[in-house]
Amino acid sequence: MKPTLQMDLNKIRNNTRELVRKAKEQNITVTGITKGVCGNMDVAQTLIEAGVDYLADSRIENLINIHSLPVEKMLLRSPKLSEVQEVVQYADYSLNSEITVIKALSAAAISQGKTHKVILMMDVGDLREGLWFEETEKIYAVVKQILQLNGVYLAGIGTNLTCFGGVIPTEENYGIITKMAEKLRTDFSIELPIVSGGNSSCLHLLYERAIPRGLNNVRINQAIFLGTELAYGKRIDGWEAHAIRLQAEIIELQEKPSLPQGEIAYMNAFGKPISPIDKGIRKRAILAIGRQDIDISGLVAIDKTITVEGASSDHLIVDVTDSGEHFAVGDMITFHLNTYASVLSGMASNYIDQVVFHEVL
Ligand SMILES: *Cc1c(COP(=O)(O)O)cnc(C)c1O
């Protein structure tokens with residue numbers, strides 16, 4: 001059997017409901033995100049059932065996939081100049097930081113008889129996308145130009161943190177954009193309804209009710225699937241961990257020494273030095289999955305006595321000596337996915353079947 005990645009819709013629904021409840025109490029809208037699951041339709045539907053206000057993805061292909069769903073959609077990654085027509089067609093909003101792109105969006109929207117909604121991104125320190133927050137003159141010049149375009153509506157401003165520089169959202173750096181929104185509203189006499197923050201690293205602020213007043217939208221992706229927030233890696237109260245798990249098949253099951261025998265190369269096939277520990281003779285299973293299928297960093301066997309020893313391109317080696325189960329070749333072993341890298345790579349893998357299921361909570 002192909003390895004399968006199984007998405008538990010009940011856990012995803014539960015986590016999203018908890019998020020929506022917490023956000024609604026503070027008059028904050030929620031953007032549910034499908035990029036971690038490659039625009040999966042069932043997950044997208046589940047997010048809507050759980051009450052998100054918008055759906056978002058970083059790739060237009062994924063938004064096209066979920067186009068029929070009855071909720072407004074946002075493109076998270078700045079549109080490519082070469083895709084503005086599709087963006088206007090399939091996304092109600094896009095997050096932007098380049099006036100060239102915004103002008104092209106406006107022209108595309110006019111040609112389609114539409115108005116496209118733009119959220120202008122500000123960089124308050126993380127150094128991924130956005131206009132640098134201290135460059136007030138440039139920000140004002142860009143806003144002025146956007147307001148002169150007939151095909152776009154400046155729906156808001158936003159910021160993103162912890163994605164490149166690892167900077168944690170705080171009342172201070174979120175405060176920069178809430179204050180900026182106030183100033184822009186006054187100085188340009190505009191509505192600017194949305195002030196969007198977050199990703200999964202802002203959940204501690206949401207739970208401490210420390211999101212500055214005025215920030216009224218959060219965009220949340222990986223926490224829904226992992227059950228942990230991103231600033232400190234903590235479990236979130238009331239949220240389910242491990243909404244996504246993986247199964248792979250045993251193709252070899254043998255007892256072998258735990259120390260390699262022979263002269264040892266300076267590195268293994270993946271550039272990592274080898275540092276095995278002598279644990280004597282161990283029962284090891286080889287599973288038909290490897291680094292070409294998935295980033296193995298987050299694989300943790302549900303049976304806690306099973307340890308992941310390593311992997312090459314097509315083989316995952318696990319130690320099953322201490323497991324109470326009597327495995328045989330052909331059996332499946334199930335893993336939780338504990339890292340976003342594992343979720344992302346597994347979801348995008350052609351070698352893995354992606355399926356949904358509902359576990360009773
Ligand atoms: C991916 C992304 C998010 C969500 O990030 P998570 O930390 O995975 O929740 C939010 N905003 C933007 C712009 C993104 O690209």
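1. Helix H6 (residues 136–147) and helix H7 (residues 171–188) have axes that come within 12 Å and cross at roughly 55 degrees. H6 is therefore oblique to H7, since angles under 35 degrees count as roughly parallel, over 145 as roughly antiparallel, 65 to 115 as roughly perpendicular and the rest as oblique. The crossing of H6 and H7 is right-handed.

2. This is a predicted model, in which local features need pLDDT of at least 70 and side-chain atom pairs pLDDT 80 or more, while totals for chains, interfaces and linings use all residues. Residues are numbered from 1 along each chain, and side-chain values use heavy atoms, without hydrogens and water.

3. The largest pocket holds about 760 Å³ of space. A pocket is an open set of points on a 1 Å grid where a 1.4 Å probe fits, with protein on both sides within 12 Å along at least five of seven lines; lining residues have an atom within 4 Å of a point. Its lining has 26 residues, with Ile 274, Pro 276, Glu 309, Gly 310 and Ile 317 nearest the centre. Strands E11 (244–257), E12 (281–287), E14 (307–311) and E15 (316–319) each give two or more residues to this lining.

4. The second largest pocket has a volume of about 560 Å³. Of its 29 lining residues, Lys 35, Ser 58, Leu 76, Arg 128 and Tyr 340 are the closest to the centre. Strand E5 (93–96), strand E10 (217–220) and helix H10 (340–347) each supply at least two lining residues. Domain 1 (9–226) and domain 2 (244–357) each contribute at least three.

Methods
Grid points are joined across faces, edges and corners, and a volume is the space filled by probe spheres set on the points. Helices (H or I, at least four residues) and strands (E, at least two) are DSSP runs, numbered from the N terminus. Domain bounds come from an automatic or database domain assignment. Axes are lines fitted to C-alpha atoms, for helices over the stretch in contact, and angles run from 0 to 180 degrees between N-to-C directions. A crossing is left-handed if the near helix is turned anticlockwise from the far one by less than a right angle, and right-handed if clockwise.
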